[in-house]
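Open the model in your viewer and keep the selection panel at hand.

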Amino acid sequence: MSETGIGKSVRRKEDQRFITGKGRYTDDINRPGQTHAYFLRSPHAHARINSIDLTAAKAAPGVVEIFTGADIERDGLGGLICGWTVHSKDGSPMKQGAHPILALDTVRYVGDHVAMIIAETYLAAKSAAELIDVDYEVLDASPSVATAQEAGAPQVHPEAPNNTSFDWELGNKAETEAALKAAAHVITLDLTNNRLIPNAMEPRAAIGDFDSGTGEYTLWTTSQNPHVARLVLSAFVGVAPEHKLRVIAPDVGGGFGSKIFIYAEETACAWASAKIKRPIKWVADRSEAFLSDAHGRDHVSHAELALAADGTFLGLRVKTKANLGAYLSTFSASVPTYLYGTLLSGQYNFPAVYVEVDGIFTHTAPVDAYRGAGRPEATYLVERILEIAAREIGMDPVELRRKNFIRTFPHQTPVIMNYDIGDYDAALDKALDLVDYAGFPARKAEARARGKRRGIGFSSYIEACGLAPSAAVGSLGAGVGLWESAEVQVAPTGKVEVFTGSHSHGQGHETTFAQLVCERLGVPFDDVEIIHGDTGRVQFGMGTYGSRSGAVGMSAISQALDKIEAKAKKIAAHLMEAAVEDIQLKDSVFTIAGTDKTLPWAELSLAAYTAHGFPRGEIEPGLKENAFYDPLNFTFPSGCHICEVEIDPETGTTKIANFVAVDDFGIIINPMIVEGQVHGGIAQGIGQALLEGCHYDETGQLITGSFMDYCMPRADDMPSFKLGFTKTDCPSNPMGMKGCGEAGAIASPPAVINAVTDALGIREIEMPATPARIWAALAANPIAAD
Amino acid sequence: MSVVSMTVNGKPVTGEVEGRTLLVDFLRNNLSLTGTHVGCDTSQCGACVVHMDGKAVKSCTTLALQAEGASVTTIEGLAKDGELHPVQKAFKENHGLQCGFCTPGMIMTAVDMIERMPNLDEKTVRAELEGNICRCTGYHNIVKSVLAAADEMQR
Amino acid sequence: MYAFEYHRAKNVADASAQLADNEENKILAGGQTLIPTLKQRLAMPAALIDIGAIAELNFIRAEGDAITIGAATRHADVAASADVRKHNPALAHLAGEIGDPAVRHRGTIGGSLANNDPAADYPAAALALDAKIKTNKRLIEADVFFKGMFETALEEDEIITEITFPHPKRAAYVKFPNPASRYAMVGVFVAEGPAGIRVAVTGAGTDGVFRVSEMEEALKKNWNPDAVASIKVPADNILSDLHGAADYRAHLITVMAKRAIAATL
């Protein structure tokens with residue numbers, strides 16, 4: 001089965017339905033008797049709701065029912081929760097206000113949910129919404145993380161004074177201070193990690209369908225983790241008992257983190273369908289997605305890097321203000337803390353690191369994980385300040401990196417992480433080779449002759465993924481364990497069904513997971529089916545995010561396959577009258593070592609179910625096993641990305657002239673799919689660096705509320721990418737895998753900005769480095785402009 | 001309500017629509033052709049691209065009644081007699097899709113592009129994809145797919 | 001969208017009559033701007049009168065020293081027209097860069113001019129080329145047609161039927177697209193034609209398309225990029241937003257003008 005096994009670029013099983021228009025996304029599903037919901041949203045960033053008059057709207061044509069926060073409160077439902085509790089320096093837990101599904105007396109961001117209008121058609125619901133008379137008392141807002149902590153700033157939640165949810169720290173403060181004092185060079189940097197809007201191409205959607213006969217709720221929703229949604233909706237919000245709630249995430253059109261979270265709209269659809277005893281469908285239009293999907297990033301940081309005279313890193317001190325938005329979303333507190341501060345050691349030998357993070361409420365949409373989640377922010381900071389240090393102390397940035405690389409493993413950083421394995425030189429060497437570093441000065445000169453500025457930028461990144469050891473995250477405040485589960489069921493005809501708690505929304509699990517089964521059992525690729533995304537079919541699961549589906553999800557499948565293989569061999573031994581230790585399985589045929597006796601897979605499978613003559617008490621009928629895999633450690637993908645840009649100084653336009661990415665993901669199952677993940681991640685990173693930025697004005701209105709103003713990367717913004725791979729097998733999971741989903745988005749922004757600043761001969765430029773910003777930077781710096 | 005008639009994927013169809021009913025809604029809701037998607041509300045993303053009288057158009061920016069009498073082809077009508085169109089094949093072969101949501105629009109745009117333009121090169125393909133947004137692939141493999149399909153179709 | 005009625009006009013006379021029927025009626029041509037506007041509920045017409053399928057409005061004719069284009073002619077057809085490419089390649093180039101391919105298959109020249117979006121491309125061509133805009137009532141010179149952002153000389157019941165562009169001796173259009181929307185942030189059309197030398201700018205003006213007389217004068221003396229390179233357009237009446245402050249847009253006008261001149265050489 002080598003053609004469909006591990007390491008082969010097997011073409012994807014799922015493509016057939018997508019390329020023929022037969023994908024089945026939530027909006028493609030319709031239920032008999034279905035109604036349509038529209039959510040009336042707050043037009044104000046901060047306002048008190050004095051009253052809501054529904055009279056005219058309820059009388060509008062086609063309206064079935066309208067609910068407000070009072071109805072939900074009356075029904076005793078809880079609010080939405082944050083599943084990770086971060087503690088402040090004084091040991092107190094993070095502070096937060098209630099997060100109602102529909103607003104009660106106050107709205108806290110533009111797009112906050114005020115009322116749910118249910119009608120026979122979507123257009124009727126939307127029209128009726130215009131007839132709702134809300135008496136708002138508009139209040140001043142704190143939309144910016146830069147000013148939200150100032151005295152007198154408008155407060156988001158009375159429970160969180162100074163709009164501060166937590167002031168968190170990590171690392172060794174005294175040692176870092178000492179390092180800064182003793183250093184030959186101290187490089188300081190103020191930098192902003194720009195706020196982004198995820199914009200998966202499929203807008204969020206949900207269908208709630210209550211069966212009054214069985215009392216069972218079914219919720220179709222655009223989720224990356226349907227079991228987590230079920231758990232939260234049952235245990236915390238109280239929509240339905242867990243065993244009476246089935247959550248189905250069918251084909252999902254991209255997530256990038258934004259579909260991890262449990263949102264108000266899907267919650268309301270499930271709840272309200274029982275109230276009106278009819279199915280309710282809600283589909284966001286893009287404008288709503290801009291307002292109400294959880295956004296990403298949004299940090300303002302001050303960093304100080306201490307170096308010895310020869311460039312050796314002595315310490316790094318960081319103070320970050322992280323925007324949480326108006327409410328704590330499902331995992332928001334973990335992102336600017338344990339997914340950020342723990343990566344500030346980068347690929348480097350730091351004796352001391354100290355980071356403080358203030359988690360700050362603002363009158364903006366909630367901020368939570370977006371592709372990379374915390375790790376892009378850490379990488380951007382480390383790789384930017386390193387590059388500036390190299391320029392300011394007069395070292396080649398490549399040499400400064402080499403000087404400080406970690407080379408022995410395992411390596412304990414000052415910020416929790418224990419790197420299990422890596423080879424940072426190998427990736428850097430390969431990337432330098434692919435980019436032709438030696439030829440760069442000639443390319444720069446040639447560009448200059450054409451009136452263009454060419455620059456080169458590096459990013460040697462590390463990330464922590466394969467989230468995550470349950471005990472570790474539990475000790476850090478997670479309300480969940482981050483294992484994964486799998487069940488392998490062999491049918492009597494030998495066909496194999498794998499039920500996984502991972503969820504594919506573009507990652508190609510139906511293909512890669514099947515490759516693992518082919519590799520292990522030798523069965524034909526077409527005889528394997530991967531089932532995911534339905535709590536009614538899959539036992540349990542933690543879902544897909546944090547590049548965990550390979551390292552954790554496939555490890556669970558691997559463990560279940562171990563059990564299948566063990567049991568199958570036991571049955572084979574019985575059938576073939578041999579000792580179990582003599583049974584071998586190869587290419588779907590069982591053999592006995594040293595004999596020519598064979599037993600095909602399908603025969604054994606059938607025998608497992610006929611169970612004729614199985615020795616009672618020794619072999620149970622059936623061939624179905626499950627496993628829960630809890631990782632030993634995070635995994636640590638690493639690598640080196642190099643970007644070359646060419647800037648038109650007249651217009652400020654940046655063209656990516658060359659982009660090289662070398663990554664170490666450990667064992668790779670399907671190179672074609674892994675490369676695709678890297679491409680997409682890089683594009684999102686280049687988008688962050690050059691194109692994308694979410695802007696609220698001073699009153700909290702979202703200025704970038706559509707694709708007209710929020711600059712999405714398009715085909716002509718991107719180059720073709722040059723990829724390379726190095727490999728150190730991950731020792732922390734049975735697959736040897738590290739994870740590849742986020743690396744591109746983590747690594748690329750500093751590579752781009754380092755290249756832009758190199759090209760312009762300037763120290764800093766804010767992301768996104770738009771033509772206007774670059775032109776302004778050149779105008780302000782005539783020497784660079786020359 | 002008005003009655004609209006057109007040919008969709010080679011079959012005559014008739015339905016009742018409002019003046020404001022978009023072509024995409026007619027296809028998805030009246031005809032259950034859910035392969036055509038809606039990814040934005042400002043005519044930018046191209047997930048809704050279909051062919052109308054042989055030309056790529058955004059079905060979210062076309063009224064159903066504007067298509068009266070027209071011949072419309074959607075992603076569901078691209079394969080003939082069970083045989084995938086070369087562009088469909090090329091997207092699969094070159095991993096030109098991930099989540100699949102933008103894919104129908106991408107493929108319909110690519111077919112139109114290849115039929116209109118001989119000798120496509122990478123720069124032209126990227127420029128011609130201006131009206132189609134993908135968030136997954138970074139466009140790398142989409143461009144590769146289109147070029148491969150063009151090669152195949154113009155051979 | 002709010003509800004509206006839809007009528008497909010049989011001919012211009014029919015469209016005129018239906019438009020006059022109710023002042024809340026609106027003309028629908030390609031719909032590439034109107035339909036998104038309706039989707040945002042920014043307009044509430046009683047009925048849309050569709051002129052997109054009127055054959056008499058869909059033509060490109062090269063006659064004498066000019067090209068005349070029917071109002072309902074699609075951008076893609078203008079871009080691909082052998083006549084336009086031969087006699088007015090700058091206009092073909094402009095049409096081929098409006099929106100994206102799918103938009104160009106639907107959007108019309110008449111719709112673009114009638115809407116007079118400050119970031120639309122065609123107004124720059126019309127003004128620089130001294131186009132004559134014919135309606136169901138009269139002939140309007142481009143110079144007096146554009147009245148400011150989204151405003152034209154068109155009366156409530158007036159419909160553009162065709163536009164005549166005199167062949168220029170030389171002309172070019174270069175634009176700097178808004179990185180997000182891809183509409184023109186600054187588009188400069190330079191032309192030397194029967195009406196003399198003209199430089200028209202779209203995308204940047206707070207009152208829509210405008211001419212830069214200082215550049216025109218300089219080009220009369222010397223048709224060369226250097227002639228305009230040092231001419232700075234004042235930032236006073238220039239749009240300013242997230243994507244570009246007025247001073248940046250003003251600067252881009254000079255750069256785009258230079259590049260447009262260079263493209264004619």
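Helices here are DSSP runs of H or I with at least four residues, strands are runs of E with at least two, and both are numbered from the N terminus. The model is a predicted one.

Chain A holds 20 helices and 28 strands. Its radius of gyration is 27 Å, close to the 28 Å that the globule rule gives for 786 residues, so chain A is as compact as a globular protein of that length. Along the principal axes, its C-alpha atoms fill a box of roughly 90 × 75 × 50 Å. Of the 786 residues, 61% count as buried.

Next, select residues 375-393 of chain A, helix α9, and residues 743-760 of chain A, helix α18. Their axes come within 8 Å and cross at roughly 30°. An angle under 35 degrees counts as roughly parallel, so α9(A) is roughly parallel to α18(A). The crossing is right-handed. Now show side chains: the residues in this contact include Tyr380(A) and Glu383(A) from α9(A), and Pro749(A) and Ile753(A) from α18(A). By class, the contact has 8 nonpolar, 2 polar and 4 charged residues.

How many residues of chain A are in contact with chain B? There are 40, and they touch 43 residues of chain B. On the chain A side, α1 (15-19), α8 (286-292) and α17 (671-691) each give two or more residues. Select α17(A), which gives the most, with 7 residues. The chain A side divides into 16 nonpolar, 14 polar and 10 charged residues.

How values were computed. Residues numbered from 1 in each chain as written. Chains lettered and ligands numbered in written order. Predicted model: local features only at pLDDT ≥ 70, side-chain atom pairs only at ≥ 80, totals over all residues. Contact = placed C-beta atoms within 7 Å. Nonpolar A, V, L, I, M, F, W, Y, C, P; charged D, E, K, R; others polar. Axes fitted to C-alpha atoms, helices over the stretch in contact; angles between N-to-C directions. Parallel < 35°, antiparallel > 145°, perpendicular 65-115°, else oblique. Left-handed = near helix turned anticlockwise from the far one by under 90°. Rg over C-alpha atoms; globule rule 2.2 N^0.38 Å. Buried ≥ 20, exposed ≤ 12 C-beta atoms within 10 Å, placed from the backbone.
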